[in-house]
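Please examine the model shown below with attention to its ligand site and to its backbone geometry. The paragraphs that follow take these topics in turn.

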Amino acid sequence: MSQLFSRERSAVAPGAVHVPDWLDLEEQRALVASCRAWAKPPAGLRVVRTPGGGRMTARQCGLGWHWFPYGYARTAVDGDGAPVKPMPTRLAQLGRRAVAAAGGSLPAEIEYDIALINFYEADARMGMHQDRDEKSDAPVVSLSLGDACVFRFGNTETRARPYVDVTLHSGDLFVFGGPARLAYHGVPRVMPGTAPPELGLRGRLNITLRVSGLS
Ligand SMILES: O=C(O)CCC(=O)C(=O)O
């Protein structure tokens, strides 16, 4: 990505690390192609409805486990009911490499077994929330593809300030674990038209890797 200042890796909060440009263009292309396949039915991208009657503007599907508000299932219980697609070994390995790249390590017996794929069109966003439906405190690994976005990373107590806004670009890695594992976070804004043209993607994809702690 060409820009005036190079983007540096940064510790956004204790336990939260942003690694810009972690995925090269070939890796990004391969992940976008896979996301296109994962997004298809059965158990493909769906609109997520919340118990209060709202609907999330980012569409989502899962691999390994299906997340719904607020739990995990092996089938798309709030979608077409189909069995969730399996967690690819290469994503589990990517999660482990991501933790290492962020300066951490994952015990050998722990494996990433959930991938949530979020697709954001220009006006989609995600409200401040905690990732708290897992039974494991392993770090959350987040990969960005396509349009850049503002990623808001806050504190563990409240959705409100203090928080930090970080611009995530295509290929960026963000990992949060340890004292930051239950920090509130969200995506207040996507920046339409900022995806690398070579990627052939309009919009933003986010792949979030998690350890379920479920059997
Ligand atoms: O799209 C992102 O970067 C954040 C996704 C997220 O917070 C989630 O899936 O829980």
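A polar contact is a pair of N or O atoms within 3.5 Å; within protein, one atom must be able to donate a hydrogen and the other to accept it, and residues adjacent in sequence count only if both atoms are side-chain atoms. The model is predicted: local features need pLDDT of at least 70 and side-chain atom pairs count only at pLDDT 80 or more, whereas totals for chains, interfaces and linings use all residues. Residues are numbered from 1 along each chain as its sequence is written, and side-chain values use heavy atoms, with hydrogens and water left out.

A polar side-chain atom of Arg204 lies 2.8 Å from an oxygen atom of the ligand. The side chain of His185 places an N or O atom 3.0 Å from a ligand oxygen, and for an N or O atom in the side chain of Asn206 the separation from a ligand oxygen is 3.3 Å. On its own the ligand has 290 Å² of accessible area, of which the protein covers 96%; such areas come from the Shrake-Rupley method with a 1.4 Å probe, and for residues only the protein chains shown count as cover.

The shell around the ligand includes Asn118, Tyr120, Met126, His129, Asp131 and Phe151; a residue belongs here if one of its heavy atoms lies within 4 Å of the molecule. By class, this shell has 4 nonpolar, 5 polar and 3 charged residues. Here Ala, Val, Leu, Ile, Met, Phe, Trp, Tyr, Cys and Pro count as nonpolar, Asp, Glu, Lys and Arg as charged, and the others, Gly among them, as polar. S6, S7, S12 and S13 each supply at least two residues of the shell, and S13 gives the most, with 4 residues. Strands (E, at least two residues) and helices (H or I, at least four) are DSSP runs, numbered from the N terminus.

The space taken by the ligand is the largest pocket, a molecule being placed in a cavity or pocket if more than half of its atoms lie within 2 Å of its grid points. On a 1 Å grid over the protein atoms alone, a pocket is an open set of points with protein on both sides within 12 Å along at least five of seven lines, while a cavity is a set where a 1.4 Å probe fits but cannot get out; lining residues have an atom within 4 Å of a point. The largest pocket holds about 590 Å³ of space, a volume being the space filled by probe spheres set on points joined across faces, edges and corners. Its lining comprises 33 residues, of which Met56, Met126, Gly127, His129 and Asp131 lie nearest the centre.

Attention now turns to the backbone. The peptide bond from Pro41 to Pro42 is cis, with omega near 0°, and Pro42 is placed in the loop between H1 and strand S3 (59–63). Another cis peptide bond joins Arg161 and Pro162, with omega about 5°. Asp21, although not a glycine, has a positive phi of about 55°.
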